[in-house]
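Student: Can you walk me through this structure? I have not looked at it before.

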Amino acid sequence: MKTRAIVAWNVRRIRVDQGISQEKLAYEAGIDRSYLSSLERQSKNPTIDLLDRIAETLGVHLSEFFVQPPKGAWSLKSLSKRRKPAPQHRRKN
């Protein structure tokens with residue numbers, strides 16, 4: 001697996017595991033949401049500085065983005081199954 005694919009998979013994996021939307025992560029990291037989406041789809045090649053900001057925002061060490069996924073588990077489809085359900089809106093009484 002190419003390094004760009006590993007980084008993309010791990011950014012998305014960590015974001016989804018923490019229940020953070022692309023929009024929220026992008027805003028808090030100071031990047032455009034469409035850029036983050038492109039990064040997660042392996043369309044962009046981010047700088048180390050940008051990865052460092054994303055890691056800091058997620059509260060993980062930069063090295064977490066370079067962890068090899070378990071064999072057969074790298075599919076982005078497997079990550080989308082782990083999304084948290086949408087929050088329920090409270091009714092006003």
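**Helix packing and core**

Tutor: Start with helix 1 (residues 3-17) and helix 3 (residues 33-40), whose axes come within 7 Å and cross at roughly 120°. Axes here are lines fitted to C-alpha atoms, for helices over the stretch in contact, and angles run from 0 to 180 degrees between N-to-C directions. Helices (H or I, at least four residues) and strands (E, at least two) are DSSP runs, numbered from the N terminus.

Student: Which residues make the contact?

Tutor: Helix 1 brings Ala8, Val11, Arg12 and Arg15, and helix 3 brings Leu36, Leu39 and Glu40. Contact means heavy atoms within 4.5 Å.

Student: Before I go on, where does the model come from?

Tutor: It is a predicted model, where local features need pLDDT of at least 70, side-chain atom pairs count only at pLDDT 80 or more, and totals for chains, interfaces and linings use all residues. Residues are numbered from 1 along each chain as its sequence is written, and side-chain values use heavy atoms, with hydrogens and water left out.

Student: How many helices and strands are there?

Tutor: The protein has five helices and zero strands.

Student: Next, helix 4. Which of its residues are buried?

Tutor: In helix 4 (residues 48-58), the buried ones are Leu50, Leu51, Ile54, Ala55 and Leu58. Buried means under 20% relative accessible area, exposed over 50%, partly exposed in between (1.4 Å probe, protein chains only).

Student: Why are they on the same side of helix 4?

Tutor: Because they cover an arc of only 135° around the axis; the arc is that of the directions from the helix axis to the C-beta atoms. On the other side of helix 4, Asp49 and Glu56 are exposed.

Student: What covers the buried residues of helix 4?

Tutor: The cover includes helix 1, helix 2 (22-29) and helix 3.

Student: And how many residues has the largest nonpolar core?

Tutor: That core has 17 residues, and Val11, Ile31, Leu36, Ile54, Leu58 and Phe65 have the most contacts inside it. A nonpolar core is a set of buried Ala, Val, Leu, Ile, Met, Phe, Trp, Tyr and Cys residues joined through side-chain atoms within 4.5 Å.

Student: Where does the largest share of this core come from?

Tutor: Helix 4, with five residues.
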